[in-house]
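Please walk through the structure shown here, one region at a time. The account takes strand pairing, then helix packing, then a single loop residue.

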Amino acid sequence: MKISYNWLKQFIKIDLKSEDTAALLTDLGLEVEVVEKYQSVRGGLEGVLVGHVLTCEKHPDADRLKITTVDLGNGTPVQIVCGATNVAAGQKVPVATIGTKLFDKDGVAFEIKKGKIRGQESHGMICAEDEIGLGNSHDGIMILDEKLKAGTLCSIVFNIENDEVFEIGLTPNRADAMSHYGVARDLRASLLQKNSNIELITPSVSTFRIDKRTLKIDVDVKDSKLAPRYCGVTLSGLTVKPSPEWLQNRLKAIGLSPKNNIVDVTNYILHDLGQPLHAFDAAKINGKIIVKTVDSGTKFTTLDDVERTLHEEDLMICDEKGPLCIAGVFGGKDSGVTETTNSIFLESAYFNPVSVRKSAKRHALNTDASFRFERGIDPTTTEFAMKRAALLIKEVAGGEITSDIIDIYPKKIEDFPVFLNFDKTAKLIGQELPKETIKKILASLDIKVTTVSDAGLGLIIPSYRVDVQREVDVIEEILRVYGYNNIDFSKKLNATVSNSARTEDYKIQNIIASQLNGIGFNEMMANSLTTPEYIGLSEMLKEEYNVMMLNPLSNDLSAMRQSLLFSGLEAVSYNSNRRNTDLKLFEFGKTYHKLPSGYDELKHLTLFVSGNRIDESWTNQQKPTDFFLFKGYVASILDRLGIFEIQNKPATSDIFAEGMVISCGNDNLVEFGTVKKSILKHFDIKQEVFYADFNWNLILKLINTKIKFTDIPKYPEVRRDLALLVDQSVAFDTIYSIARQTEKSLLKDINLFDVYQGKNLPEGKKSYAVSFILQDSTKTLTDEQIDKIMNKLQKKIETELGASLR
């Protein structure tokens, strides 16, 4: 939000430097992010003087140029070569002197330098109005009033306004400060605390009166819950034209483009008092004004010439023929003020904040009016702001006020009662403030003290402070005005060492993140908000499980994610579309589910791998990541966490083309595999993607924190290999399990080092080459012992799997 310092000084007379004022506002919670200079004319006409043309002669070497002698008021006339056809001796003209910076139409600065033009020296430039930013004409030089004295600064002649603009990072709760008056009110409270007895100047509307009663437009508010207060008045005999210079400068300073005098006044009041207004062309209103909702599907064209489809909950300002305006959001194309308008109906209202926000988000409209309405404006200023606007319109557009004020306010919005406990105030602030100081601060914030006791104060909070409705809110107000920097704090440093568990979530996350970083993974963080359309990509996701946002930023961010898969694939797609195709990503995140019993959120660790194993190099051949390498990544995480009592089984999820599930008992620890091409196609991903989803909540329960170690064995290990012919359906995991159960003491490791399928094998068969590592920690194994174990293993595998030796 932008605040003009000159404008602010209309409400509070201060002479502080802008830096000091910015510091005060920041201490109040109105953080000033930057202070910018503003000049009504770019460059402020610095270096541009009134010159008196003494002589004007034709250039000897150029027919279109003239050589002039100009008095700049310092007693030493200068020679200036000028190409304007209307320059003549005796004129008073604007002269840009040597060193002056002017700006072209694109805002690019150029400096006036001493030079020679066709052999003749030129010490400055006699300017046209477009060259110094005072107009668009370039037909000739500007001719000034002959009464002006040579050497007078043109910035004084043309009343150039110099201003400073505060860019305030306004927090959403500070609806009361969304205007120059609101900021001045806060600034005054701070200055009173510093014993600066400064008055807050409220604009007077005492001259408001009804000139005639010749244009009455009735108002019918159908829904007082959506429009608790609605005011209106008519003005006639107006002349729509450009606004006066002072009004244009005010709007330009805060980044607004002037339109015409009527619209500019409504925008001025919006930023002046924080009350949005709307002016309807009275001639385009059929019958009376009706404030109501309309049927869903009704078409309405707004000021931006876009036809919008209305919702049944949109509050509309209508006449007897149809909608004129989306209440509190945006006006209609067919009822706005134009150059031919001579009478208006001026609206000032208080609309329900929730209704306005829903309509604004529904139609993707973010206007200055909706920004204020949806945060809550001051309902007590509605009529006052309209009167002030009406007086300004009469001032800048002529005309008369031609109707009584209509003020429909069936149920007054009451102020909030709050009790402030002194002990709780001291406890929360950390310091006991004098009671008189507290009362003084509350008075400066328009908070009335109704009762006083030893325990505390009974207060009435003004209705415009929608963010102050609890005792703790009042304490925060006292603290920010008193000054956080003025609160004493102990110089003693206290510290404690907590006896935290080794398996705290964040510690385990850091361990696994470090491990994954070490093998080339990068951590990602995706948005928990996503589109509800993704549930159509998998039967595992249910629409009724979606947790929907009540006020989504957009349709694409309207649901909480049920799976981390799709947000991860968005990241893969984004990278691969930018030729970053070799990816290893992981994310710790949550999924959200709406269940019959309530809401549930689950934590996950996900891995995404796509592309080649390692970067291209002259020493390495490019080799894509495969399923078994990815399985190794998954297994290494479980190994690192000491989770060994696991079983493998095929994945049944429809997101995988092929996949596996690693479980512990009846609970699935991790699902992983190759993502289906149909899902990848939805994200425009053309390469294979491997995905793993860890149930992190379950993993935290199964972590083995006990560290076991043994001495390095003194006796050697023995390796024996078996080449087994098995059915195509037999998995290595089955052989592994059978071997482990058959020999538990001396069998240390089992490894599959070759798989063969194809020529010279019976149909439906494959060959597994399996190695077995045997070792006894107390003695050297004999051939007899080894043969006995291997025969037992071979017989068990042959019996249970129908395998045979090749």
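Strand β30 pairs with strand β31 (residues 559–560) in the antiparallel sense, over 2 bridges. The model is a predicted one, and the pairing belongs to an open sheet of 3 strands in the order β29-β31-β30, with antiparallel pairing. At its edges are β29 (529–530) and β30 (547–548), each of which pairs on one side only. In general, the strands of a sheet pair through backbone hydrogen bonds, in either a parallel or an antiparallel arrangement.

The next topic is helix packing. Two packed helices are described by the angle between their axes and the distance between those axes. For helix α11 (residues 435–444) and helix α12 (residues 471–482), the angle is about 95° and the axes are 10 Å apart. Angles of 65 to 115 degrees count as roughly perpendicular, so α11 and α12 are roughly perpendicular to each other. On the α11 side the contact is made by Thr-437, Ile-438, Ile-441 and Leu-442, and on the α12 side by Val-474, Glu-477, Ile-478, Val-481 and Tyr-482. By class, the residues of this contact of α11 with α12 comprise 7 nonpolar, 1 polar and 1 charged.

Asp-63 sits in the loop between β3 (48–58) and β4 (66–71). Is Asp-63 buried or exposed? Its relative accessibility is 68%, and the cut-off for exposed is over 50%, so Asp-63 counts as exposed. Between the C-alpha atoms of Asp-63 and Tyr-599 the separation is 86 Å, and the two residues are 536 residues apart along the chain.

Terms used
Residues are numbered from 1 along each chain as its sequence is written. This is a predicted model: local features need pLDDT of at least 70, side-chain atom pairs count only at pLDDT 80 or more; totals for chains, interfaces and linings use all residues. Side-chain values use heavy atoms; hydrogens and water are left out. Helices (H or I, at least four residues) and strands (E, at least two) are DSSP runs, numbered from the N terminus. Buried means under 20% relative accessible area, exposed over 50%, partly exposed in between (1.4 Å probe, protein chains only). Axes are lines fitted to C-alpha atoms, for helices over the stretch in contact, and angles run from 0 to 180 degrees between N-to-C directions. Angles under 35 degrees count as roughly parallel, over 145 as roughly antiparallel, 65 to 115 as roughly perpendicular and the rest as oblique. Contact means heavy atoms within 4.5 Å. Ala, Val, Leu, Ile, Met, Phe, Trp, Tyr, Cys and Pro count as nonpolar, Asp, Glu, Lys and Arg as charged, and the others, Gly among them, as polar. Two strands pair if DSSP finds at least two bridges between them.
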